[in-house]
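Trainee: I would like to learn how to read contacts, helix packing and strand pairing from a model. Could we go through them one at a time?

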Amino acid sequence: MLFKDIRDYQILFLACFLVLGIGTRDWTIHPEFIAVAIATCVITQLLLSLVSGKGLTSNIRSALITALGLSLLLRTDDWRTMAIAAFAAIGSKFIFQIDHKHFFNPANFGIISALSLTHNAWVSPGQWGEDWWYVLIFLGTGGLILNRIGRWDTTAAFLGAYSFLEAMRNMWLGWTWDVFFHRLSSGSLILFALFMITDPRSIPNSRTGRMIWAVAIAVLTFILRNYFFLPTAVFWALFILAPLTMLIDTIWSSPRFTWLKERKVINPLLQVQI
Amino acid sequence: MNRFFRLLVSLLLVVIVIFNFTPAAWAFCGFYVAKADTKLYNKASQVVIARSGDRTVLTMANDFQGKVKDFAVVVPVPTLIKKEQVKVAPPKIVERLDAFSAPRLVEYFDPDPCAPVYNFSKALPAAPMGRAANRMDRKKDSSLGVTVEARFNVGEYDILILSAKESGGLETWLHRNGYKIPRGAKELLQPYIRSGMKFFVAKVNLDKFDESGQQFLRPLQISYQSAKFMLPIRLGMANAKTEQDLILYILSPKGQAEVTNYRTVKVPSNVNIPIFVKQEFGGFYKSMFEKTYIREDRKVAFLEYAWDMGSCDPCSDDPLNPEELEQAGVFWLNGNSNPPPISPRFRRPYPTSGVFITRLHVRYSRNKFPEDLMFQETSDRESFQGRYILQYPFTGELNCSAGREYQQSLFRRKEKEAQSLAQLTDWKIQDIRRRMK
């Protein structure tokens, strides 16, 4: 049933951003690549679910979210690259899992796979510009979703730690504060903080664990961006630190997140179905 | 004194715009008639960046118009630079890149074309030109924390590579050595010092300049190895009151380059405009650029051209040959232009020359561009050009019914052209309609 699952909101918002981005920003994005991303994600999800014995009931919503995330962030001029990214993204959920929990964010894994395995993928960190209008929309809608799924703490820890480090660096270098704000008001960074490191299925279960994990990503992003000059620093930081989730989960154990819990509140009947 | 820093990345300026009407060249996609090159702007710096991997060759065009003895430039560079890393490039090379990549006007004729009339020459008022700093004392002063890392001569330039510990020391050193740097420069020097950058300082060696018999200062070309793919623009804005135009030509073996910390936006292109614009294409482009710039809130970088160096369509100038590319800083061709390795599965259906050019036009001001420009190369090989189309109507007898329909469609077409022009520029629709008659 539509909008009974919190992920439906996520799908709606990501789709809105995509439409907004294509409509108002100067993106080199082809509609057919979005179709390829969606088709590949959904088919891979279905096939791997079958193979792994989970049956076809498994979630199309997650596959759609991954496909939209890829379309928003990954740029390429070859549909095959998009297909590889989408395949790797969904595949990672089935391969890299411990105790039925996958630890790579699928879209992030797809992006890193495309960047490192093909020669024609890139990410445009400047694509959203720094308009506050967009920032507010991001914050508002992201906040809405996060409130509902209770994982806003990762966003806060990540953005807090990252802003702090950037502020320190800015002060030490002696730049004026508009440099600092300009560096933080990047639409891509906020999109990442709100939609990518908050995926409750792949991040640590306990709040302490999540905070430590998010701060670690912020520190690594800061280092990669400022000392290795990687424009794609955030994605690499998340990719490198994703396996840490498992370690953190064993140290700070906490009940695992399940979408079912949320559904139970909204529509208890669904629980019987799945 | 404040002019000194204005010359930073820069070197401004040009003055008289002459639309050098190049002999018309037929091309598959329209008939090329005019271009809007950098001579349009009276404060345009031109910089060529050839980059592959972490190697960069940076060429700064020198449009300095004052007395050569007054010329001096200070550029923050990411690494120490040795003599063999600095060259002077032929002045023509930047002009060639400009001409090749400039936004262009093309024309088409409805069947039975009438002959177009060519007559245009347009001039803009000359801009006042600045002078730069003075003679320099060759004294080293280590108590200031400034170290002269290298001192050498290349072509008509005397070059110093400085490293500094404190911005105050560097400021004093520059003052003592005759460089008049503007107030507020100290604060701007500090971030560069602290992030480990060195300073490339060049002035003209008058004896060498006279010996060379050159009329103008040649572009300086620096090559270095660094993961930093950036261009420092903040120093140049130390006391600039108005916005400055920067035209960047980025040459890459892969594909388009883009700015990573500001949006990169394509200039409006492929628009049909009234044919009278041919007489004032320069004015049209300037007005259109200004309007687009304001619409984007003055804070984006504009893409004016992106194309493989192997071709152009229509051509506003011949593509650069391998020798010229080498002069422009391209170092990865090795005689036989081998494109970068592309896995067989992803081989592209069309040939590549091994060099992809991106022309970015950044109009920056202090309040909208607080941070230096950072770039990245992408594998985007989509071609783009600023291209504006003139469509000439058929002017012969029209007696048949199809002819009457054509005439009616012509009316609608002209109105549409007028509307597009009014939308793109700040020209008034009434004036446009009047001029179209």
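**Reading contacts, helices and strands**

Mentor: Let us begin with a single residue in this predicted model: leaving aside residues up to four places away in sequence, A:Leu18 touches A:Leu68, A:Ser71 and A:Leu72.

Trainee: Is A:Leu18 buried, exposed or partly exposed?

Mentor: One counts the neighbouring C-beta atoms, and a residue is called buried if 20 or more others lie within 10 Å of its own. A:Leu18 has 18 other C-beta atoms within 10 Å, so it is partly exposed.

Trainee: At what angle do the axes of helix α7 and helix α8 of chain A cross?

Mentor: The axes of α7(A), residues 152–173, and α8(A), residues 177–184, come within 10 Å and cross at roughly 150°. Because angles over 145 degrees count as roughly antiparallel, α7(A) is roughly antiparallel to α8(A), and the crossing in which α7(A) passes α8(A) is right-handed.

Trainee: Which residues of α7(A) and α8(A) meet?

Mentor: From α7(A) come A:Ser163, A:Glu166, A:Ala167 and A:Asn170, and these meet A:Val179, A:Phe180, A:Arg183 and A:Leu184 of α8(A). Sorted by class, this contact has four nonpolar, two polar and two charged residues.

Trainee: How many residues of chain A are in contact with chain B?

Mentor: The size of an interface is often given as the accessible area lost when the parts come together. Here we have residue counts instead: 26 residues of chain A are in contact with 29 residues of chain B. On the side of chain A that touches chain B, α7 and α8 each supply at least two residues, and the largest share, four residues, comes from α8(A). By class, that side has nine nonpolar, 11 polar and six charged residues.

Trainee: Which way do strands β8 and β9 of chain B run, parallel or antiparallel?

Mentor: In a regular strand the side chains alternate between the two faces of the sheet. In chain B, β8 (residues 146–154) and β9 run antiparallel and are joined by eight bridges, with B:Val146 standing opposite B:Ala164 of β9(B). Their hairpin has two residues between the strands, and there B:Gly155 takes a positive phi near 55°. β9(B) also pairs in the antiparallel sense with β10(B), residues 198–204, over six bridges, and B:Ile159 stands opposite B:Ala202 in β10(B).

Trainee: Why is β9(B) described as largely enclosed?

Mentor: Six of the eight residues of β9(B), which spans residues 157–164, are buried, and therefore the strand is largely enclosed by the rest of the structure.

Notes. Residues numbered from 1 in each chain as written. Chains lettered and ligands numbered in written order. Predicted model: local features only at pLDDT ≥ 70, side-chain atom pairs only at ≥ 80, totals over all residues. Axes fitted to C-alpha atoms, helices over the stretch in contact; angles between N-to-C directions. Parallel < 35°, antiparallel > 145°, perpendicular 65-115°, else oblique. Left-handed = near helix turned anticlockwise from the far one by under 90°. Contact = placed C-beta atoms within 7 Å. Nonpolar A, V, L, I, M, F, W, Y, C, P; charged D, E, K, R; others polar. Buried ≥ 20, exposed ≤ 12 C-beta atoms within 10 Å, placed from the backbone. Pairing = 2+ DSSP bridges.
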